[in-house]
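Please give a short report on this structure for someone who has not seen it before.

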Amino acid sequence: MDTNTQRESMEYDVVIVGAGPSGLATAIKLKQLNAETNVCIVEKSSEVGAHIISGNVFETKALDELLPDWKEMEGCPLKTKVSKEKLLFLSEKSSFSWPTWLLPPVQHNKGNYIVSLANLCRWLGQVAEGLGVEIYPGFAASEILFNEDDSIKGVATNDMGLDINNEKKDSFEPGIELHAKVTIFAEGCRGHLGKQLIAKYNLSKDADPQQYGIGLKEIWEVPEEDHDEGLVLHSTGWPLDNITYGGSFLYHAENRQIFIGFVIGLDYSNPYISPFEEFQRFKTHPSISKILKNGKRISYGARALIEGGLQSLPKMSMPGGLLIGCDAGTLNMPKIKGTHTAMKSGMIAAEVINDLAKDKIKDLSAYESYFKKSWVYDELHSARNVKPYLTNYGRLIGTLLTGLDQILFRGKLPFTLRHKHSDHETLFSAKNSKKINYPKPDGVLTFDRPSSVYLTGT
């Protein structure tokens with residue numbers, strides 16, 4: 001940073017970095033608790049929702065608490081309720097369907113909605129602004145500001161008008177400093193400021209190594225005869241081998257759209273695996289290609305997923321700041337959902353800030369105890385052993401152990417399996433690994449790796 005650059009500053013009670021589900025839920029809850037709280041959200045994308053990868057099966061538990069009358073609210077985008085579910089086990093040329101009544105309760109989607117998460121965030125943004133929250137899209141928080149005692153003072157937005165060498169052009173405009181009593185970091189998985197905070201305050205000292213996945217997603221528009229609105233279809237198996245964690249989803253949304261995606265855990269061992277190519281290969285399976293072959297792809301993207309669960313959660317409070325949502329790692333991996341848990345983590349943050357303002361608590365470290373008393377902690381605790389089962393024992397045995405854990409014991413076994421290593425430590429050398437012959441793109445189902453795939457959360 002150029003220390004000679006004079007920045008303007010603005011003062012708030014609370015500054016939130018990121019207009020995703022957790023950040024927006026925090027802002028709305030803060031205003032509900034105290035309409036006089038001065039709240040600002042900075043969002044790097046050009047508009048709220050623009051950096052959200054659409055396509056989501058949404059559990060409404062947190063929304064029911066935040067906005068109990070959401071069904072009657074104008075513009076609410078939750079329209080398509082899940083009407084049926086399927087789980088397919090894939091081999092290279094065939095598949096068989098697993099009875100849904102044998103699925104663990106955590107994987108049932110009754111009462112959930114298929115929704116564009118981007119549209120949900122746009123709507124939540126409108127709700128927040130209606131309550132008086134200031135939202136500034138197009139301004140990335142590029143720097144954390146600190147007080148002399150090392151507590152967080154706020155953030156600075158990015159400087160504008162710099163050339164390729166980071167030198168000032170004639171159009172240069174310095175960023176703005178946003179000062180706050182509390183700064184909340186809700187950037188999503190592997191937020192660049194969140195990573196700095198975890199390192200600076202050693203927030204992960206008592207946590208297991210974090211675990212990650214990569215999720216690739218496309219939105220397809222298909223003919224009416226290939227569309228089954230309300231259907232949620234998941235698959236496991238081919239094209240992945242038994243020791244590689246991953247699977248797929250196809251969500252039949254409204255307007256003849258299908259949200260299709262493929263997730264691979266980044267602890268895979270074969271360096272020849274390409275998540276992008278595995279996704280393309282998956283779409284050629286007969287059970288999948290028959291759904292897509294007469295359709296057209298209308299958008300695509302990818303994002304990092306944070307999957308370590310309870311064992312890998314860092315401490316989420318620090319002097320002057322809180323880390324929430326996927327910036328911390330609140331995704332429920334076996335549920336394949338993180339939106340409702342992220343929102344709840346933000347709502348808890350709002351309660352802590354409000355109680356701090358009323359002198360009911362001494363500092364933000366109370367967040368940890370509030371979190372542990374919530375249903376989101378109970379949910380993550382019940383799910384804590386699923387990822388280690390799959391990592392340590394492979395897909396077949398790991399799935400069996402998951403069933404025993406989740407169906408018979410409801411996640412309440414008296415032990416916690418650990419994540420013993422970071423993802424990169426599982427990678428074998430190329431000379432000891434099998435090459436994979438990926439199919440050539442066919443222009444319909446599969447396509448060449450694009451020169452630029454929007455990737456969020458990296």
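How many cavities of 30 Å³ or more does the structure hold? The structure holds three, where a cavity is a set of points on a 1 Å grid over the protein atoms alone at which a 1.4 Å probe fits but cannot get out, and a volume is the space filled by probe spheres set on the points, joined across faces, edges and corners. The model is a predicted one, in which local features need pLDDT of at least 70 and side-chain atom pairs count only at pLDDT 80 or more, while totals for chains, interfaces and linings use all residues. Residues are numbered from 1 along each chain as its sequence is written, and side-chain values use heavy atoms, with hydrogens and water left out.

The largest cavity holds about 80 Å³ of space, and of the 13 residues that line it, the closest to its centre are Glu307, Gly309, Met333, Pro334 and Ala383. Lining residues are those with an atom within 4 Å of a point, and a pocket, unlike a cavity, is an open set with protein on both sides within 12 Å along at least five of seven lines. The second largest pocket has a volume of about 350 Å³, and of its 16 lining residues the closest to the centre are Leu313, Pro314, Lys315, Glu368 and Lys372. Helix α8, at residues 367-372, gives the most to this lining, with three residues; helices here are DSSP runs (H or I) of at least four residues and strands (E) of at least two, numbered from the N terminus.

Most residues other than glycine have a negative phi, and most peptide bonds are trans. Asn166, in the loop between β11 (160-162) and β12 (168-173), has a positive phi of about 70° although it is not a glycine. Ile336, in the loop between β20 (321-323) and α7, likewise has a positive phi, near 60°. A cis peptide bond, with omega about 10°, joins Trp238 and Pro239, and Pro239 lies in the loop between β15 (231-237) and β16 (246-252).
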